[in-house]
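The following paragraphs lead the reader through one protein model. Please keep the sequence and the coordinates in view while reading.

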Amino acid sequence: MYITLEADYAVRIVDAIARSSEKMTAKTIANNAGITQRFALRILHKLTRCGILQAYRGVLGGYKIAKPLDELTVYDVLHAIEGPIILNRCLLETTICTRVQDKNCPYHRVFKKLSDLVCKELASISFADVINSSE
């Protein structure tokens, strides 16, 4: 499994915002996360659209986390950016297995089990857990 640069940056962005009790501007977020403002804005838009962040417009605008940090997980952010987290493309509903047409392939079951374990583990790690463990 490979986490894209965009997903990595999304986790950094959420972490940067989560560590602040105030709204943060896109410029501040980008600087704190170590990414360009243009790329940060693209990710901020996605995270806002899926309800992870709340955006505030205007002179005093910025971004804040939309729900409690103990309810926001690493899985939530990765899924918002990447979509389904899977180990093999055969797990996608739209993909046809090249080995066995009915997805009854033994490797399909193995990859499904591993993907489920990875997702379960990511869903058990909240941003509150990560922030509290690093302080």
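With which residue does R42 form a salt bridge? The partner is E6, and the closest N and O atoms of the pair are 3.5 Å apart. A salt bridge here is a side-chain nitrogen of Lys or Arg within 4 Å of a carboxyl oxygen of Asp or Glu. The pair links distant parts of the chain, since R42 lies in helix 3 (residues 37-49) and E6 in helix 1 (residues 5-18), 36 residues apart. R42 is partly exposed at 46% relative accessibility, whereas E6 is buried at 13%. These words refer to relative accessible area: buried means under 20%, exposed over 50%, and partly exposed in between, with a 1.4 Å probe and protein chains only.

The model is predicted; local features need pLDDT of at least 70 and side-chain atom pairs count only at pLDDT 80 or more, while totals for chains, interfaces and linings use all residues. Residues are numbered from 1 along each chain as its sequence is written, and side-chain values use heavy atoms, with hydrogens and water left out.

The overall fold may now be considered. The protein chain contains six helices and two strands, arranged along the sequence in the pattern α-α-α-β-β-α-α-α. Both kinds of element are DSSP runs numbered from the N terminus: helices are H or I with at least four residues, and strands are E with at least two. The C-alpha trace spans about 55 × 30 × 20 Å along its principal axes. Of the 135 residues in the protein chain, 36% are buried. Among contacts with a separation of 6 or more, 61% join residues 24 or more positions apart; a contact means heavy atoms within 4.5 Å.

Side chains of opposite charge can pair when their charged atoms come close. A search of the whole structure finds six salt bridges. One of them joins K112 to D116, with the closest N and O atoms 2.9 Å apart. These two residues are four residues apart in helix 5 (residues 106-123), and so are separated by about one helical turn. K112 is partly exposed, with a relative accessible area of 39%, and D116 is likewise partly exposed at 39%. Salt bridges that share partners also join E6, R42 and K46 into one network. Another salt bridge is formed by D76 and K67, with the closest N and O atoms 3.7 Å apart. D76 is partly exposed at 22%, and K67 is partly exposed at 31%.

Helix 1 also holds D15, which counts as buried at 19% relative accessibility. Leaving aside residues up to four places away in sequence, D15 touches F127 and I131.

The protein chain exposes about 8600 Å², of which carbon and sulfur atoms supply 53%; accessible areas come from the Shrake-Rupley method with a 1.4 Å probe, and for residues only the protein chains shown count as cover. L87, V110, L114 and L117 make a nonpolar surface patch of about 310 Å². Patches consist of residues with over 30% relative accessible area and no salt bridge; like charges are joined within 9 Å, and nonpolar side chains (Val, Leu, Ile, Met, Phe, Trp, Tyr) within 5 Å. Within this patch, L87 lies in the loop between helix 4 (74-82) and helix 5.
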